[in-house]
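Here is a friendly tour of a structure, with an eye on its aromatic rings. Please have a look at it before reading on.

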Number of protein chains: 2
Amino acid sequence: MAAVAAAMRWRLLLVMSAAVLGASGTPQPPNILLLLMDDMGWGDLGVYGEPSRETPNLDRMAAEGMLFPNFYTANPLCSPSRAALLTGRLPIRNGFYTTNAQARNAYTPQEIVGGIPDTELLLPELLKGAGYVSKIVGKWHLGHRPRFHPLKHGFDEWFGSPNCHFGPYDNRARPNIPVYRDWEMVGRFYEEFPINHKTGEANLTQIYLQVMGAGLAGSGAGSSAFGQGQMVCSSPQEALDFIKRQQAAQHPFFLYWAIDATHAPVYASKPFLGTSQRGRYGDAVREIDDSVGKILNLLQDLRIAENTFVFLTSDNGGSNGPFLCGKQTTFEGGMREPAIVWWPGRIPAGQVSHQLGSIMDLFTTSLSLAGLEPPSDRVIDGLDLLPAMLQGQLMERPIFYYRGNTLMAVTLGQYKAHFWTWTNSWEEFRQGIDFCPGQNVSGVTTHTQEEHTKLPLIFHLGRDPGERYPLSFASTEYLDVLGRITPVVQQHQEALVPGQPQLNVCNQAVMASPGEHSVRCSLVTLTRRPVPCSPSGTLNSQLLPGERNWAPPGCEKLGKCLTPPESVPEKCSWPH
Amino acid sequence: MAAVAAAMRWRLLLVMSAAVLGASGTPQPPNILLLLMDDMGWGDLGVYGEPSRETPNLDRMAAEGMLFPNFYTANPLCSPSRAALLTGRLPIRNGFYTTNAQARNAYTPQEIVGGIPDTELLLPELLKGAGYVSKIVGKWHLGHRPRFHPLKHGFDEWFGSPNCHFGPYDNRARPNIPVYRDWEMVGRFYEEFPINHKTGEANLTQIYLQVMGAGLAGSGAGSSAFGQGQMVCSSPQEALDFIKRQQAAQHPFFLYWAIDATHAPVYASKPFLGTSQRGRYGDAVREIDDSVGKILNLLQDLRIAENTFVFLTSDNGGSNGPFLCGKQTTFEGGMREPAIVWWPGRIPAGQVSHQLGSIMDLFTTSLSLAGLEPPSDRVIDGLDLLPAMLQGQLMERPIFYYRGNTLMAVTLGQYKAHFWTWTNSWEEFRQGIDFCPGQNVSGVTTHTQEEHTKLPLIFHLGRDPGERYPLSFASTEYLDVLGRITPVVQQHQEALVPGQPQLNVCNQAVMASPGEHSVRCSLVTLTRRPVPCSPSGTLNSQLLPGERNWAPPGCEKLGKCLTPPESVPEKCSWPH
């Protein structure tokens, strides 16, 4: 993947457009800016029908860009979706799943042993081949141990944390989650980076914005006076804005802006608290919307908007609009996501594409933008969406909905077939855990795992976006659709080589050594397609004691090194 | 209400705008065009988040105009909503309700004896005072008997029918619904105006469009070649386009375009059938969307857009978007409606108003546009929305949700209080009649009538538009809100003088005579606020045999006069 070949391919792509010239006078591929929302649903944006319509900047982004109403994440939960985005591969392939029990959603809590395997090729690693400089701002979520650090997987810079902002913790049973600047911890949530559960106040979105935008005259982003967290970020290093630096160096850049204010515990900074009609959640959305507006304005002020591809989507379900259920489920409310692309002058304004899109497409599309080919030594699930964006093409492709290692459903064209239905267990449901609040479709939103692999429940998502009326098994429409979907699923399942599952083993200390992996793997036979659960591979590396969130690099400078507890690996418990 | 005074008031209103001069050189008030959809819900428009986004013209109308996400109809059923629109008064006041049983929705089926009382003042009657010429195209729905004919209530022209396009009937037990041009029947549904249930084909939307738009060079609306129904409308009278005629005469006009393709049985004309992603319903929506585009284009082609106030809304729930339940219920899905105002050059483009709006406001706002005062001898529930539209004001006002004579709920600001909850009876529900398909909020979507008048269920519609999480009775928020809502409801109920209920008595022959009204009115004591059920008033007039849909005026010319059955008045049955 030589940079020369990449530049060549990019030149071809540019034939029909005004070329942007880099430092060497050769055409420079566009900057790539992925704005990843956290637990924000399809129904949270005004342009998608949120009744309070409090997202004027996101709505403007859609009006100036292209909207994808049929865009999906790769999993109804955060970590696997993010792994899929950055690898272009389904979680079942890249290892971001569990085989501990059938059809379980899993992610990367602090005690997770696994993370993104070294064998996976991440988007920023590949973009290096075309000269990109990459930064992640915000939530990484692909593992806590040093080997999983984003700067070991292609990113050049990081400001953010390896996990959600859960807490506060006592730093004895669990450490507060560290916040990193590049290689080193610069503080912890609830300590240097306060989050007030009572008032909902936290300055993190401003920090994530300003780490990116600070120091830029005229952007309006660098001058506001937000509190304590700001201090941490006011060092000269951070004051040099990433975008400005890359532009000055004439490096194409990849910025992955993975903010988390809309993830529980929801927060907003003081100027936004109480400003929304939607309560604290709406305050967080408003602050994000405002931030996106500032980012887009900045790109325009810097006159690089026409050479910057901006895509906004989310990791899993939130407000579900007209759809069924939410996060954790493989109904539309759990996996259909807001999606807007904005590339003034290249992608025509005010368009709607009905292309079935996936978060994994951002991987392939970004490579295509960079003039790079996706890796040929592995299955890539992402599609290059540029033909849909630039020429309005519609490409047929399936969308697969997994929970853990179980293929729950597939969408092909307008039809969705459910092979398994499950929301959560009766036990959880009786405890008040409800992934479908206010919704109940008999035989569809089931509290036992119901198998429909022989006769899937099929819905027409155009006529019935809410998945309320399964097609009659006796109808010719059903038989036609089944005849088209069956071979697609067969082909997928026959060719599937599941990756080593990363989300099976937990350890409060995350000090794994080979001898400690006495996890009973027999339980994986519960799954429909048993996946070998060998504790070798990613789990057997020798680790230094005290690594991970107890004592990350940089903890000494801050006096924030904690003593980890005894190392006791155990099977992670994934209840749903 | 002299025309002189009206012109004076209008002149004042015009101070800040370019005046349009009428024939006499005096300023001419704007034309008023109300586009009333039928069973089309909040969630049916792209701009409100319909996932297939097949309403480019309605979305453009919103982009060029102002959107009201918090706009309500006055009843979850068609006839009372329409009566409320044209009178500016709640159905409980104008008589469009029943007292036959508690909290029952009622409308005007063929056998209904009642209709719009002569004592009600309708918008077109009042607009005459400012020189307007008024036409209704489409569904009237305010009664079938001659006394209820729209031309007896202020309209100057009519093309359409007194009822929905139910059928086909056998013309023995029931006549097919007549279609009128002005005073006379010009045919019947399923006869001269075919509707093919199998294919879904009917040309009615095209007819309703072309009756309005035909004969206008350059509009593109008059030249298409639609089938049989077209013939009926191609007489010279109808070929003269209403708008063009009024413009030529320099008369301000009021056009009430009340089409019904999205009401079951849903239909579309051949060029639209099969073109939608949403099935036949979507085909109907697409044809309506296309028609609205043609209407707006026509106004622009004629250069009268800046002097024509266009408002689109719907009569009751359809696709409910993120809301709870639908038509027939007083949850948001039953009564929150799409609402767009379009008045280029006067109302700024691309705005969203969070004003709580009501279909009854169209009455008061239209009078205000015409420079007229609303009647002072009766309670008018409609608000003048011009301050919201022109100056962005937000006016506090309650929205009342009725079923029959029962006040089910009220919304004030962001809060909605339910005093009664009911979807439909267990009996109906077990028969498969479901007004909340796929939805079920425990204790809220009840199948028995549940009284909460002492401690209403209160929802915050901003945080919880889906009415899923009632506020805790113990919260200070609950107590605060209750303290604000209670006096508003008390004041409303104490001042309320219910109108004579029009929807109590049915008669297959509709040949009412005083002696025939032996309806047991004792049953009205079932209602919470007993309403006098005297069969006098609207019901005791002597009628000629053979009137109404059996033998309307004009039937002789067509050889379509039918013999009515024996006159047997009975209490109408309203199951929900």
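Predicted model: local features only at pLDDT ≥ 70, side-chain atom pairs only at ≥ 80, totals over all residues.

Buried means under 20% relative accessible area, exposed over 50% and partly exposed in between (1.4 Å probe, protein chains only).

Residues are numbered from 1 along each chain as its sequence is written, chains are lettered from A and ligands numbered from 1 in the order in which they are written, and side-chain values use heavy atoms, with hydrogens and water left out.

Rings of Phe, Tyr and Trp (its six-membered ring) pair if their centres lie within 6.5 Å; planes under 30 degrees apart count as stacked, over 60 as edge-to-face and the rest as tilted. Over all chains, the structure holds 36 aromatic pairs. Two of them are tabulated here:

| Pair | Centre to centre | Angle between planes | Class |
|---|---|---|---|
| A:Phe159 and A:Phe193 | 6.2 Å | 70 degrees | edge-to-face |
| B:Trp42 and B:Tyr48 | 4.4 Å | 55 degrees | tilted |

A:Phe159 is buried at 0% relative accessibility, and A:Phe193 is buried at 1%. Ring pairs also join A:Phe68, A:Phe71, A:Phe309, A:Phe311 and A:Trp343 into a cluster. Over the ring of A:Trp343 sits the charged end of A:Arg346, 4.5 Å from its centre (the criterion is NZ of Lys or CZ of Arg within 6 Å of the ring centre and within 35 degrees of the ring normal).
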